[in-house]
Amino acid sequence: MSGEDWTFWISGSFAVIGALGLVLSRKAVHSALWVAFTMINLAVLYIANGAPFLGMVQIIVYTGAVMMLFLFVLMVVGVDSSDSLIETLKGQRIAAVLFGLGLAALLVFGVGNGLVNAGTVGLVEANSADGGNVEGIARIIFTDYLIAFEATSALLITAALGAMVLAHRERWIPRASQEELSKARFLSGTHPGNLPTPGVYARHNAVDTPALLPDGSVSEESIPGPLQARGDIRAVDHHEVNEIKEVGSA
Amino acid sequence: MNPSNVVILSAILFSIGAIGVLVRRNAIIVFMCVELMLNAANLAFVAFARMNGNLDGQVVAFFVMVVAAAEVVVGLAIIVTIFRTRRSASIDEPNLLKY
Amino acid sequence: MISTSAVVWAEGAPTLQELMPAEGVFSLIWLLIALPLLGAVVLLLGGRRTNRWGPYLAVLTVTASAVLGILMVIGLMGRGAEERSIGQSLFTWVFAGQFEADMAFQLDQLSMVFVLLITIVGALIHVYSLGYMAEDPNRRKFFGYLNLFVAAMLILVLANNYLLLYVGWEGVGLASYLLIGFWQHKPTAAAAAKKAFIINRVGDVGLSIAIMVIFVTFGSVTFDDVFGQASEVNEGTLTAIGLLLLLAAAGKSAQFPLQAWLLDAMEGPTPVSALIHAATMVTAGVYLIARSNAIYDRAVWAATAVVVVGLITIFMGAIIGSAKDDIKKSLAGSTMSQIGYMIMAAGLGPIGYVFAIFHLLTHGVFKAGLFLGAGSVMHGMHDNVNMRRYGALRAAMGVTFVTFMAGYLAIIGIPPFSGFWSKDEIIHAAFERSPIIGSLAILAAGITGFYMTRMVAMTFFGKARWEDDVHPHESPKVMTIPLIILAIGSTFLGMALLFWGNIETWLEPVVGFSTAESPLSTTAVIAISLAFVIVGSVIGWISYARREVPIVAPRGSWLTRAARADLYGDAVNEGVIVRPSFWLSRVLIWFDARVIDGIVNGSAALVGGSSGRMRRYQSGFARSYALSMVGGAVIVLLALVLVRLS
């Protein structure tokens, strides 16, 4: 096996593993990472197949930009949102796998049947004609495919604008002023100001200690909600409180 | 090495992507599967370019990437918009357009 | 019995006249039509603001056309016989591939006499209408329609091609429809208008098909091209064209078998009956046949059919006219009969065309006079048309009586009144063709004498059988003056045209003229026909002037009853056409409802039902759709692979 063969079998296997990981991971973030992995391997395969420019673009555009955009959106949407594994559409999963395998079998069969005896010209000549792969692609893009290239520029601008329009949220009511906000706060009937902070003593400096009101009673509101829910409230030692009172009066 | 192996690899990746589109419900994962299918196609283009000794295949793959990038931008914006209104990224949720 | 040798028929046929350019007064040919058309447009589009002066404008336009026509006839008379055919082309009207029709007019001797008849009689009737329609709230519309009619009729007779003629043909049909139904609040008038329109349509279809055949055969529809090439076309085609044109003529001129509409058309105002349904429009069929003489001269069977149709109608009209108690319907029967004479004469070939037109002219004048006289009588009798409630009106309406008598003597053919000359010539020509035709024509002349005498006797003589509140009075001058002019025409026009106008030589270049050996001498024909007329008149006089006329019509013989029912024309139409159409429609409705609708509704139900089930697959889940897509792709791939392998 030549070096290229090694490259193909290793990178190809990794790419398939990454693809399977994409489909099989429960969490979306994992899927995204598996895709990135697949794409890096694909970039390697591009380079191995005489397309160094595309390989670089693959890394920069896909793993660098597109996949990061995916991750960003995942963060917006919520990292936790993992798929439920129960399939709701009847027969969807079985049919999908059957069709997928059939598709793969037919494609492999077709490709194998058609290409098994096809010779390979190789890109050495084409890449060296203009002095390199990048120069060759550049020549083609800016001559034969010029109009398509210009059209893609319009496409990209349109896509950017479209994304802005889609993601934009129109403000239907004017932003509330400070006065309105405070009025609303007081009208709501809940505690208008800050809740009292938890108690802080010389010996105890913890959020699970309730604050004491001026008359010495305990303020339950000063304990954060989660601790209250857990029942994680430290009881107040009235002996200590009395000591403090004496210190204060002395 | 025979580039037809590369083409077979691309067929396998394409099919895995297709299965992913069909079975996953998270819209973002579905989207990533679509991207995987596009990449599989690109791989085939690259292999064909090598077999034919012609850079046109690579150029087409390049254009596919550009279009895919544009598509991702708009598609993700749509997903965000849907998420904003429905609080869900499930692709089965927006199913009002039916009989 | 009838000579069918084409050689004889072609003998008197005219040679084609070369059209002269329109110069001098003749450059105004278009104005003849444009004037009344302008009047119609102003009156019909001008709305209520033209109510006051509109009728006078209408009279003015037609009078101006009449003056123009007189100037033109003077101009024509000043020219040589071969220079009297004048063409004026305004513009190319229809241009489609090989088909071309110009908006072009042809003023020749035939058109000229028609122009004079239409404009002069038209003008007189317009004037008469000023008085007759004075009280009508829709007077303006009436005059607008009358102007429209005059314009259309002038287009008809001035056209230089069949297509433009067709425009005029339809135009007069429209005007006729509008005017018959002018008192549309009367259901009978509305129905009569529809009846006239529909029956006319049958004839019009004949004309339109004839035009198509003409174009296919000759490659042109202009008269010059058609008549110039007529000798090169085989007789079968010419016979077909001739029969189709005869169908058209029968529809427009109320000839058998399309005669049923004319009697009902009397629902229209009397001036309309006089102008359209006696003097001008109904003679358009005669014009068409005379104009197409080049075709009939070479299609002997078609010409024979014309004669037969004419003869049948002569007797039908005469019998109906003898039985009707409605003065206008009786006159309408008479009109049918007289037009039958013209059609019959036109079917005789070159020996008859001239006299057909001659009789048409004299009839146009005296029948218009008779109708207007009848209108004048009705005017004095509270619009009662029942002659059994008339009687002894000669004292009450002196002018009407005298003018009516002039028309009466003219129509029954007493010398020297104009009808005598024209009818006598027709009978004579009929004898030249065949003694049988001639004998029948003479017999019909006798019946004419009977029914016209009956009419005059019932109206002006005998005892007054008026209704209680009727006080007959003479009509105003605006009505009597046209009557007087028409009466003068009824008296002298025949002589004037025959002796001073030389109608045969005048018309010969257009329609041709020839004579043939007659088994009877001219004197004998005159004597016999006069004898028949006098016998008929005496019978009529004895039956209706000497005897008491019952106010309620007696039951009468079977012939009388048949004639009162228009010789069962409506019943025949009903039985032969309407009933079978109904049955056919019923069958078609059944077929449509059961079979066609069954197929349509069945397929719709099939599609609807299956879609109702199939739409369940429209689940709204994008992944289901994607699955279908992948499935489809797999199937396509499978097919490709299989095709590749096989």
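Is Trp541(C) buried, partly exposed or exposed? At 33% relative accessibility, Trp541(C) counts as partly exposed, a class that lies between buried (under 20% relative accessible area) and exposed (over 50%), with a 1.4 Å probe and protein chains only.

This is a predicted model, in which local features need pLDDT of at least 70 and side-chain atom pairs count only at pLDDT 80 or more, while totals for chains, interfaces and linings use all residues. Residues are numbered from 1 along each chain as its sequence is written, chains are lettered from A and ligands numbered from 1 in the order in which they are written, and side-chain values use heavy atoms, with hydrogens and water left out.

**View 1. The ring pair of Phe461(C) and Trp541(C).** The ring centres of Phe461(C) and Trp541(C) are 5.1 Å apart and the planes stand at 75°, so the pair is edge-to-face (centres within 6.5 Å, using the six-membered ring of Trp; planes under 30 degrees apart are stacked, over 60 edge-to-face, the rest tilted). Phe461(C), at 16% relative accessibility, counts as buried.

**View 2. The ring pair of Tyr162(C) and Phe223(C).** Here the centres are 4.9 Å apart with the planes at 90°, so this pair is edge-to-face. Tyr162(C) counts as buried at 0% relative accessibility, and Phe223(C) counts as buried at 1%.

**View 3. A salt bridge between Arg50(B) and Glu4(A).** The closest N and O atoms of Arg50(B) and Glu4(A) are 2.8 Å apart, where a salt bridge requires a side-chain nitrogen of Lys or Arg within 4 Å of a carboxyl oxygen of Asp or Glu. Across the interface of chain B and chain A, one salt bridge is found.
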